[in-house]
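Hi,

Here is the structure I promised to pass on to you.

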Amino acid sequence: MIEPKNTSRKRGFYVKMRLLHNNNNIRKTSFCYKYFKWVLWFSLSFYFFAMFLFNHKPNNTNNTSSSSPFISKTTVPQYSKASRALIEHPQREHHHSVGKILAYLVPHLLNGLKIYVYELPTRYNTDWLTNERCSNHLFASEVAIHKALINSDVRTFDPFEADFFFVPVYVSCNFSAVNGFPAIGHARSLISSAIQLISSEFPFWNRSSGSDHVFVASHDFGSCFHTLEDVAMADGIPENLRNSIILQTFGVKYDHPCQRAEHVVIPPYVSPESVRKTLATADVNGKRDIFAFFRGKMEIHPKNVSGRYYSKKVRTVILQKYGNDRRFYLKRHRFSGYQSEILRSTFCLCPLGWAPWSPRLVESVVLGCVPVIIADGIDLPFSSAVPWSEISVTVAEKDVGKLGSIIENVVATNLSSIQKKLWDPRITRALLFHDRTIEGDATWHVLHALTKKLSRSHRRLRLSDE
């Protein structure tokens, strides 16, 4: 009879050896894992630090924007002849991507700013978004700023810890069924209703008489809420807004009834997505074959049915004087792809309309076309970050008949210098709004401007008293 082999001892030896082998693996794994973590941490830290240095090299060619400690100093590539937009938009995408990474890694102090965003009934704001134009037209900064603040690190959900209170009322989305333009006749009543609501349900409006509350008025004459200047001036700013802070596209360098409130001049809204698409479809080897460009309303008989002269006759003079001049590409009718025409142009005319400002100011700059500003006394947005005098040409309204010779003189003297400065990515960033605030973008500069008004903050006054 054959006895079965005694395998228990061998099995025990096998199990013991397997365990020893596994323990050795664990020790090796722990050793490798421990040092791998440090190597990985060091590599990532070095990479982000290198990217930070790359994007924050001092730019000796442009000292204008260095006055602000919050603006990253990015070296600007220099180009002589080729279109900056057609050459650099891939690099611009790189800067944008790195900027998004740094936005999460680098703390933005903004002096500890805290903003409470009122959650109003949807009839005051988001109900209007059923019309997609509401978030994309030239007045849409009221929507963009609201979105950005909701997603911002400066937002606080504790109103007692807030420096400022943002009141999100959209008044520019009521589009006329007749001409498609925003009708703002309801603006005063809608804002008054919102103020009545927050003052009855919260204590913060009444304790400061609204001086620490922020509104957006992104249409022609700001918080005067009218498209015609004489009517806007006669009506003035509603009494219940005169103590508040107004973020408005309207701004002039002289006394005007429509800016007799604490205010910040902001850029008109231009969709960053539309700019990106325009740059993406551009011919990277293309040239700017249009010398001077304008597309928009130009009335042959400028005195319209209201009895008022549109654009103070400036656009009419441009059409009459240069309509047959081959250097000027002037079009009176709308064209959905007109940004591609800006991309082909060396100079873009930015004459006043009913109001001094125009979205052409932003579109020209971000698409690399030198803006020719024809609007006497205009106060341009974010002048501490955007060196307007160095990247644009200003022509007095009375000199519009000399426009051709003025532009030719720029070509003969300092065009290349203007174009190089115009291509600074920090400038483009400062003029565009995004759904999430990016360091140095338009909403960021709004927040930075608010840090200069912290004397209005009830919280800061309370802390200083303590």
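The domain bounds used below come from an automatic or database domain assignment. This is a predicted model, in which local features need pLDDT of at least 70 and side-chain atom pairs count only at pLDDT 80 or more, while totals for chains, interfaces and linings use all residues. Residues are numbered from 1 along each chain as its sequence is written, and side-chain values use heavy atoms, with hydrogens and water left out.

On a 1 Å grid over the protein atoms alone, a pocket is an open set of points with protein on both sides within 12 Å along at least five of seven lines, a cavity is a set where a 1.4 Å probe fits but cannot get out, and lining residues have an atom within 4 Å of a point. Points are joined across faces, edges and corners, and a volume is the space filled by probe spheres set on them.

The largest pocket holds about 1600 Å³. It has 40 lining residues, and L138, F181, R334, P359 and R360 are the closest to its centre. Domain 1 (109-269 + 433-465) and domain 2 (272-430) each give at least three residues to this lining.

The whole structure has seven cavities of 30 Å³ or more.

Now the sheets. Helices (H or I, at least four residues) and strands (E, at least two) are DSSP runs numbered from the N terminus, and two strands pair if DSSP finds at least two bridges between them.

Within it, β2 (164-166) and β3 (213-217) pair over two bridges, and F166 has V214 as its bridge partner.

The other open sheet I noted also has five parallel strands, ordered β7-β6-β8-β9-β10. Its edge strands are β7 (328-331) and β10 (393-394). β9 (370-374) pairs with β10 over two bridges, with I373 opposite T394.

I hope this helps you find your way around.

Best wishes
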